[in-house]
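Reader: I would like a close look at a single part of this structure, followed by the spaces left inside it. Please keep it plain.

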Amino acid sequence: MTAKKEWVSIGLMVLAALAFLFLMRDYEGSAILFPRMMVILMLCLAAIKAVAEIVRMKKPVLNIDDYAGEPYPWLRIIFVLAAMVVYIWVLENLGFYTTALLFFFLVTLAIQNFKRTPKVIAVRFAYCFGFILFLYLLFSVLLKVQLPKGILV
Amino acid sequence: MEMLSYFGDIFTFQNLLILLLGSIGGIFFGAMPGLSPTMAVALLVPFTFYMDAASGLLLLGAVYTSAVAGGAITAILINIPGAPASIATMFDGAPMAKQGRGQQALYVAFFGSLIGGLVGVIALLFFTPPLAALAMEFGPAELFWVTVFGITVIAGLSGGMLIKGLFGGILGMLISCIGESPMLGEPRFVVHDVFISGIAIVPALIGLFAIPQILTLVEEVNITATKTKYSPQPGVLGKTIKMFLKWPKTVALGSILGTIIGIIPGAGGQVAGLISYDQVKKTSKNPQCFGEGNPEGVAASEVANSSTVGAAMIPLLTLGIPGSPTAAVLLGGLLIHGLFPGPDLFDPNKYANVTYTFIGGMFLAQFFMCGIGFFFSRYSHSIMNISNLMMAGAVTVLAVFGTYCVSNSVDDVVIMFLLGLGMYIGSKFGFPSAPVVLGIILGPIAEENFLRGKLIAETDVGVFNYFFTGNMNIVLIALCVFSIGWGLYSEIKAWRKSKADCVIA
């Protein structure tokens with residue numbers, strides 16, 4: 001882990017503690033005693049980490065992370081995260097199995113790095129459909145698990 | 001011997017089917033490099049909701065057992081450990097596969113796992129009742145310190161990230177405070193309606209383990225592993241059994257070390273496998289053969305890492321301290337069935353039937369794991385052909401499905417996603433997920449016992465005396481300090497070593 005990343009992680013530690021501290025500003029009494037102790041401990045740990053990092057900065061160690069590797073696939077990750085949000089959003093409206101099939105098929109097809117020929121698309125759809133069918137038979141038919149049906153299945 | 005009377009409950013068609021399916025699923029998960037045993041168990045916890053407690057725990061136990069052993073498949077065939085516990089298996093397993101002895105290496109791994117697993121479960125059977133009796137003496141102060149100890153051990157073994165591990169554990173405890181106070185019923189940190197009922201264990205488990213893993217798989221969709229050619233040969237099982245008869249010292253050393261390391265909370269299978277491998281190599285007459293494709297090396301690692309599975313349950317079932325991250329997830333499985341670790345689990349009038357059915361099932365699961373492992377050895381290469389792309393898609397669907405079906409609530413899915421996203425960002429800055437999960441699980445227990453202890457202390461000896469005096473409190477505090485001290489020592493040692501390496505370079 002690079003020194004820059006370590007300082008960002010210390011920042012995240014402080015930010016998390018302060019966020020909880022901010023949220024507990026209106027509370028009093030025993031209900032908030034334990035959380036308050038936890039926030040104080042979090043701030044103490046962030047301070048210890050900062051001191052350790054200052055000591056480490058004086059005697060730097062060469063890190064594997066210092067070398068640039070493959071660039072981070074921002075676009076791919078953001079696309080998948082956005083797809084997950086849409087998936088969760090429409091889950092109850094469209095039905096569990098339909099959304100699961102659409103998510104599985106479309107997302108895996110969109111982020112693959114090889115050519116999307118009609119054969120690849122057909123095989124991918126068959127795999128995804130088979131997986132969802134297996135889930136349907138196991139959980140809805142056999143175990144009678146309640147799942148959102150929505151306007152489709 | 002009363003415990004043996006409960007073992008008959010295992011031999012129902014339903015339980016045997018659960019063991020069979022759990023073992024197949026566990027090996028499948030273990031054989032996939034992207035999926036850890038911890039995540040396998042985390043994904044299955046919600047499905048146990050639809051089963052009775054004993055059957056649900058049997059499923060989780062069978063998956064845990066088989067996933068640890070299944071990690072050997074990829075370690076041997078493609079030189080990537082399917083589970084962290086299989087790191088030492090790679091040293092000799094992968095060279096054996098390169099020499100065309102992949103099947104033999106797999107048979108040695110599964111047979112070794114069978115022996116190690118059986119030793120671990122026997123230790124579980126005989127060590128848990130006396131430890132549970134000790135736990136009966138615990139009051140709120142001791143129970144509070146036990147939860148703190150649980151966090152410190154998981155944090156202390158977070159691979160050189162002690163402070164971040166501790167921070168994660170405390171953050172988990174704070175996250176568990178979201179919702180109503182367990183003692184006073186006051187709502188806390190409810191910034192949105194989604195958080196009114198607090199953070200349930202299952203969405204937290206799945207979110208914290210599965211979402212970062214899914215996104216990591218998405219990052220690596222372009223990476224393809226180099227596969228080793230594999231051709232099954234006849235008569236390998238007989239040869240394997242003969243080999244094990246020649247290695248009594250390796251088997252004894254591996255199973256004893258694995259059991260001891262498994263009992264130590266937080267140590268886990270990878271530590272056991274590596275230490276056992278190292279000790280067997282050091283005490284061997286031909287240490288130069290290790291690392292060159294010696295099946296004894298595979299046996300040393302697999303016997304030890306499988307011994308930790310049963311042994312890790314000892315502190316879990318008696319004190320609620322998980323012996324490994326997977327055991328921490330299993331603790332969630334216990335709690336959602338209303339089973340709290342401690343003497344009640346061994347009380348014939350309470351949950352002894354569930355506990356001993358589970359332990360007996362773990363014993364039987366070792367045989368299922370071994371049999372299915374032998375069978376799957378022939379087809380394991382095809383499991384590994386599943387791409388990261390398909391794995392990421394399938395795990396996402398399972399994660400959403402598993403989270404939703406616990407309480408039929410999209411709110412839980414949203415919480416799962418938010419926690420997972422937070423953990424993914426945290427993991428990029430070196431924050432481990434296991435302490436956060438354990439913090440969420442142990443947080444309510446810690447808070448309830450702290451507040452209860454405080455109430456007792458204020459009318460009695462005072463808060464300081466109540467929490468910081470008394471033999472058991474002092475022992476537990478000393479263990480917490482030791483655990484943090486040991487983690488700190490290991491971290492400083494690793495830092496000095498890297499500094500020295502840097503100077504040499």
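Which residues does Gln366(B) touch, not counting residues up to four places away in sequence?

Author: This is a predicted model, in which local features need pLDDT of at least 70 and side-chain atom pairs count only at pLDDT 80 or more, while totals for chains, interfaces and linings use all residues. Residues are numbered from 1 along each chain as its sequence is written, chains are lettered from A and ligands numbered from 1 in the order in which they are written, and side-chain values use heavy atoms, with hydrogens and water left out.

Leaving out residues up to four places away in sequence, Gln366(B) touches Thr65(B), Ser113(B), Leu114(B), Gly117(B), Leu118(B) and Val121(B). A contact here means heavy atoms within 4.5 Å. Gln366(B) sits in helix H14 (residues 352-377) of chain B; helices are DSSP runs of H or I with at least four residues, strands are runs of E with at least two, and both are numbered from the N terminus. Gln366(B) counts as buried because its relative accessibility is 1%, where buried means under 20% relative accessible area (1.4 Å probe, protein chains only). Its side chain reaches the backbone oxygen of Met362(B) at 3.0 Å.

Chain B as a whole has 20 helices and two strands. Of its 505 residues, 62% count as buried. Among contacts between residues at least 6 apart in sequence, 78% join residues at least 24 apart.

A search of the whole structure finds two cavities of 30 Å³ or more; on a 1 Å grid over the protein atoms alone, a cavity is a set of points where a 1.4 Å probe fits but cannot get out, and lining residues have an atom within 4 Å of a point. Grid points are joined across faces, edges and corners, and a volume is the space filled by probe spheres set on the points.

The largest cavity has a volume of about 50 Å³. Helix H4 (96-111) of chain A, with helix H8 (201-219) and helix H16 (388-407) of chain B, are the elements that give two or more residues to its lining. Among the lining residues are Phe103(A), Ile111(A), Ile214(B) and Thr396(B).

The second largest cavity holds about 30 Å³ of space. Its lining consists of Met84(A), Ile88(A), Ile211(B), Thr396(B), Val400(B), Met416(B) and Phe417(B). Helix H3 (74-94) of chain A and H16 and H17 of chain B each give two or more of these residues.

Definitions and conventions
Buried < 20%, exposed > 50% of the residue type's maximum accessible area, 1.4 Å probe, protein only. Polar contact = N/O pair within 3.5 Å; in protein donor to acceptor, adjacent residues only side chain to side chain. 1 Å grid on protein atoms, 1.4 Å probe; cavity = no way out; pocket = protein on both sides within 12 Å on 5 of 7 lines; lining within 4 Å.
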